[in-house]
Amino acid sequence: MVERSIDVDTVDATLPKQVPAEIWGYARAFLLIERLSARFVWRADSEWLDVQLVLESSERVLVRVSTTEMPRGVTARELDVLTLVALGLTNAGIAERLGTSARTVSSQLERLLEKLGQSSRGGLAAIAVDLGLLRLPLPGGPPEEGGIAVAQLELASHRRLDRSQPGIRADVSARVPIRLGVIVPDGAGSDSDQVRNGALLAIDEINQLGGIGGRTIEVFQERVDIFDWSSVEAGLQRIFDSDVDAIITSYVSAEHPQFIERIAEYGRPFLHTATFEADVLRTESEPWRYGMVFQTCASETYYGPGMLRLLGKLEAADLWRGRTRSIVSIEMPSESMHLTTPAFLDAADAQGWRVAATIGTPVGETDWPAVIEEARSHDPDVVLIANFVDRELIEFQRAFLRAPMPALVYGIYTPSIPSFTKSLGEGAHGIIWSTTTGTYDDDLGRRFRNQYRVKYGEDPGWSQAGAVYDQVRMLAAAWSSVDSRSVADVVRYLRRWPYRGVNGVYYFGETGQAPKLYPDMTSDAALGQAHLVYQIGPAGHALLDPEPFGIITDFVRPSWFGASD
């Protein structure tokens, strides 16, 4: 890699010769447009160069040049198309610039959508800007006007604009940061660090690349006791007083009915992962009041049907079979953890299952051995446990292993937290669990997990860190396209454009307030987040379902089953 700071008076003879002279020309043009950063790729002989420009002062720019490869086999011509899509051109406009047909461009776009895991032009444009997949010189020559950084660079380079030309010079000091509020839950479990760290990782990455349109993201974080409304309300008020442009969090809002009302009064975008269908229905029924509230995962109502689907697959594959066809549900007394709804009971009955009992387990007050004995009295095939507090599920499993029964243990969300398997060790082996927002084990997910480990020296877990990381990235995509202070424009962008994050695809539709869940709400995996179902074993978390992400035959009968069970 070549890294060099230059200013307008740098003599060409002093510049490293292995870097094409044209790149130094763009570096000088970059000083004219006075953005805080810009990034593009350049073709040099048989290799691609990743070029990053960072403003150090009004007279000096840091230039970083390194070799790179196109992701997923993207070709040079496909990169041309991707660059022009990011500039906002239509298929016809791209075809005119490239001297080809609109039909050919359409085919190239289809290949790009598949290679980059996107489902729309907006998604392609966002990932092109996010990853710096913008080619200079611009295919087809300079644009008619500026806009994104590479377009301004091309104009400045070709027109040799001086510093006094209107529309080019910008007052960098006047670029106030975009303000983001982060509410970190405390008192519920050990996943608060994942929430905080996931958000800060995304913010740091964005700021290191110059922010959004030259504006950095300034974070205002408040740690609140999730079960204490006075703590939550005080934290909210401090966030409001900071005049933030948006607020993100995990599942704090589900525990307090008045929470969303306070958010509505504030009126700025709010993204959360509370898995609470009641809030989704409320926001969709009154978008004029709650339309800025987005639940960035599907609701709790899908956990039960997802479990029934897995049981059916296990039986169909002859990997396990129910004896009594009974289920015991152990539920934390929270509206977002109530799974045995009438709809679930009907679905279970239709598939030959019955819910024999629903047992409430207040946080910090539950006699877990007594709960196990009550569950045993119903001789269940499955124990479904709904509790997002990791220490509670840990205590359940320890009590269960002291007096086991031949039943599958099916949890939700909580085993995604690293402390769960760390505390239980081999005692966690055999547990099945699911989540409606989980970090994919693909290229994007693995890159995120590696970046998290490098920064924090620990594992991010399989859910919240990635979910909050995606919340920041989704907002950043909106802010890079519209005015961050225009709530209507930000909301419209979030609803309209799909976003492919590390936890899957977020697509809210034109009116929705929660993404689609695959396969529960959509049969198209490219339009939703997968309802991921895992089983914990010696090698970690084995993904069982849904296809094509999971492999049902990876299921292993838990060790607490007897040889004859």
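Helices (H or I, at least four residues) and strands (E, at least two) are DSSP runs, and they are numbered from the N terminus. With those labels in hand, let's walk through the structure above, keeping in mind that it is a predicted model.

Let's begin with some strands. Strand E2 covers residues 37-44, and strand E3 covers residues 47-57. E2 and E3 run antiparallel and are joined by eight bridges. To find one spot in this pairing, look for Ser37, which stands opposite Val54 in E3. The two strands form a hairpin with two residues between them, and in that hairpin Asp45 takes a positive phi near 55 degrees. Then there's another hairpin: E3 is joined to E4 through two residues. Strand E4 (residues 60-68) pairs with E3 over nine bridges, in the antiparallel sense. Here you can look for Gln52, which stands opposite Arg64 in E4. What holds paired strands together in general? Strands of a sheet pair through backbone hydrogen bonds, and the pairing can be parallel or antiparallel.

While you're here, zoom in on Ala38, which sits in E2. Is Ala38 buried or exposed? Its relative accessibility is 8%, and buried means under 20%, so Ala38 counts as buried. Setting aside neighbours within four places in sequence, Ala38 is in contact with Phe30, Val51, Gln52, Leu53, Ala149 and Leu153. Take Ala149 from that list: it is 111 residues from Ala38 along the chain, yet the C-alpha atoms of the two are separated by 5.9 Å.

Next, a pair of helices. Helix H2 takes in residues 76-86 and helix H3 residues 91-98, and they pack with their axes 10 Å apart, at an angle of about 130 degrees. H2 and H3 are therefore described as oblique to each other. The crossing in which H2 passes H3 is right-handed. Which residues meet there? From H2 come Arg77, Asp80, Val81, Leu84 and Val85, and from H3 come Ile94, Arg97 and Leu98. Sorted by class, this contact has five nonpolar residues, three charged ones and no polar ones.

Glu335 is found in the loop between strand E10 (326-331) and helix H13 (342-350). Is Glu335 buried or exposed? With 57% relative accessibility, Glu335 counts as exposed. Leaving out residues up to four places away in sequence, Glu335 touches Phe276 and Glu300. Phe276 is 59 residues from Glu335 along the chain, and the C-alpha atoms of these two are separated by 7.6 Å.

Thr275 lies in the loop between strand E8 (270-272) and helix H10 (277-285). Its phi is near 45 degrees, a positive value in a residue other than glycine. At 9% relative accessibility, Thr275 counts as buried. Tyr413 is in the loop between E13 and helix H16 (418-424). Tyr413 isn't a glycine, but it has a positive phi of about 60 degrees. With a relative accessible area of 8%, Tyr413 is buried.

Let's finish in the segment after E20, where you'll find Pro546 and Pro548.

Terms used
Residues are numbered from 1 along each chain as its sequence is written. This is a predicted model: local features need pLDDT of at least 70, side-chain atom pairs count only at pLDDT 80 or more; totals for chains, interfaces and linings use all residues. Side-chain values use heavy atoms; hydrogens and water are left out. Axes are lines fitted to C-alpha atoms, for helices over the stretch in contact, and angles run from 0 to 180 degrees between N-to-C directions. Angles under 35 degrees count as roughly parallel, over 145 as roughly antiparallel, 65 to 115 as roughly perpendicular and the rest as oblique. A crossing is left-handed if the near helix is turned anticlockwise from the far one by less than a right angle, and right-handed if clockwise. Contact means heavy atoms within 4.5 Å. Ala, Val, Leu, Ile, Met, Phe, Trp, Tyr, Cys and Pro count as nonpolar, Asp, Glu, Lys and Arg as charged, and the others, Gly among them, as polar. Buried means under 20% relative accessible area, exposed over 50%, partly exposed in between (1.4 Å probe, protein chains only). Two strands pair if DSSP finds at least two bridges between them.
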